[in-house]
Every structure is written in structure tokens, then in C-alpha cells.
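I opened this notebook to record what I looked up in the structure, entry by entry.

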Amino acid sequence: MSEFQVLYESSDALGPLIVLDSKTTRTLSFGDSDEQSKLLKLQPHIPQHTYLQAMLLVLLFQQPKRVMVLGLGGGGLIHALKHFDAGIKMTAVELRPQVIELAKRYFQLPMSKKLTIEQADAAEFLAAKQHKKVDIIFADIYSAEGVDDKQLSAAFIADASAMLKAEGVLVLNCWKEHSQDRALLARLQQHFAQVSACLTGGGNWVIFATKRDQQMTISGLKNKAQQLSQQLDFPLARLLTRFDVWS
């Protein structure tokens, strides 16, 4: 890590908070050997982690007007979505107040009237049902130890489904081992018409649970992926080859 300079180091009740800087990137870490968010300083809209790029495959079959991001981190999804369509209304829910402040201070978080930041527990925020329904929910709730189990619970999935519009999509960032979790698949199938997934080269299992069946063909997806790659400013073809219905 000699190439990195420590810009900020602190901790809260949940553990360390570290911001590292290099010539081209800025990284948010929650502990040793942990990389929660990574920002390309001159092009912050291009996600540096393949799992974030995979999560954006949802834009192949959903043109959102309103989205919810659960787990802010350095704001990588916010940057990419704003670049894709500056008109999208976004609500980001983040448990740790310092993470919100670091995203604003060090990660160029694009604050505007279209973005609302809520400091809250994501599961409790969903359960309260006080927010307008959205087109997409992105759930990326992680600590230094890995994915938060709440994100995979029956209650969380049910509350997320209730928060989505009739054609909405829940996008869950998980680990490769969750691809063998038949109980998780069953919980999703209770509330969603179709469940697809993408296994990234980094070992993430990104799940797309849709309220309605997606009838798009592979050739149709490829054509849309070419256009979407230009809009997002990074290639999607490699990720699309790893995308399929989870059954």
C-alpha cells in the first residue's frame, strides 16, 4: 500500500474508517485489506469495482425515475446513475454518519435536489414504509467482515418488494457462495416473478429480482448493452456473458 497516502483515519462504534489516496484513485476502507469504495478521481462516474458495474446491468431492462441505494459507501452508484440520467431521483440510506461525511468530503458526492441522504439502518428504513415507491432498490450493505445478513433476510426481501413499483427491481450484491443458497432463492421467489444473477470475476453474486418476467432475448440484451455501455462510459459485454436466470 506504499503508493497510497492516508488522508483520513478514524473509527466509530462499527470499526475503522480510512480514506486512502493515490495519484489517480481514492479509496474508502473499513479495515485492513478492505476496500469498500474506490473512486477514479478524474472520472468518478466509472465504477472501479466489477460488482458495481454488474449492478448497473439492471438498466438494461429498467429506465428508472426513482431509485433507492441502501449502503452509500463512497457513492459510486450515485455517481454512475447521475451520469446515466441526471433526472433520476435518488435516495441513499447509510447507517454510519461518518461515511456520509466522508463521501461528501473526499468522494465528490454529487449533491443536488435530486439526491436525498438518509442516515438510518436500511432494514428499519424499509420496514417503516414511509418512502414513496421506487423503480429500483440497490442493496449493497457491507461491513469489513462481508455482507450484512439482514440484506438476505425474509423480512428485508418482503419490505423491499413492498417498496418497489409494479415493475420494480431489487438488486442485491452478495458473495459467490450465495449462488448455492436455495433458501435465499426461495425467499426471493415468494415476492418476485423472476430472479436473475451475474457472477463477477471478483467473486460477487449480483442478484436481480424483478416484479415481472423479462422477455428480452440474448440478442436484444446485447444490442441494448452496446448502447448502455456508451451511456455509462464502460463496457458491459463481458458482464452480460455472466448474466442469466437463477433457477
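Before the first entry I note the accessibility classes: buried means under 20% relative accessible area, exposed over 50%, and partly exposed in between, with a 1.4 Å probe and protein chains only. The model is predicted, so I keep in mind that local features need pLDDT of at least 70 and side-chain atom pairs count only at pLDDT 80 or more, while totals for chains, interfaces and linings use all residues. Residues are numbered from 1 along each chain as its sequence is written, and side-chain values use heavy atoms, with hydrogens and water left out.

**Entry: positive phi**

I looked up Lys129, which is not a glycine and yet has a positive phi of about 55°; Lys129 counts as partly exposed because its relative accessibility is 48%. Lys129 sits in the loop between H4 and strand S8 (134–139), where helices (H or I, at least four residues) and strands (E, at least two) are DSSP runs numbered from the N terminus. I then turned to Asp233, also not a glycine, with a positive phi of about 80°, in the loop between H7 and helix H8 (237–240), and partly exposed at 37% relative accessibility.

**Entry: His178**

I found His178 in the loop between S11 and helix H6 (182–189), and at 11% relative accessibility His178 counts as buried. Leaving aside residues up to four places away in sequence, His178 touches Val147, Leu152, Leu184, Trp205 and Trp246, contact meaning heavy atoms within 4.5 Å.

**Entry: H2 against H7**

I read an angle of about 110° between H2 and helix H7 (residues 218–232), with axes 8 Å apart; axes are lines fitted to C-alpha atoms, for helices over the stretch in contact, and angles run from 0 to 180 degrees between N-to-C directions. H2 and H7 are therefore roughly perpendicular, the class for 65 to 115 degrees, whereas under 35 is roughly parallel, over 145 roughly antiparallel and the rest oblique. Ala80, His83 and Phe84 of H2 meet Leu228, Gln231 and Leu232 of H7.

**Entry: pockets**

A pocket here is an open set of points on a 1 Å grid over the protein atoms alone, where a 1.4 Å probe fits, with protein on both sides within 12 Å along at least five of seven lines; lining residues have an atom within 4 Å of a point. I noted 43 lining residues for the largest pocket, with Phe30, Glu94, Asp140, Ile141 and Tyr142 nearest its centre. The second largest pocket is lined by 17 residues, and Glu35, Tyr51, Tyr142, Trp175 and Asn204 lie nearest its centre.
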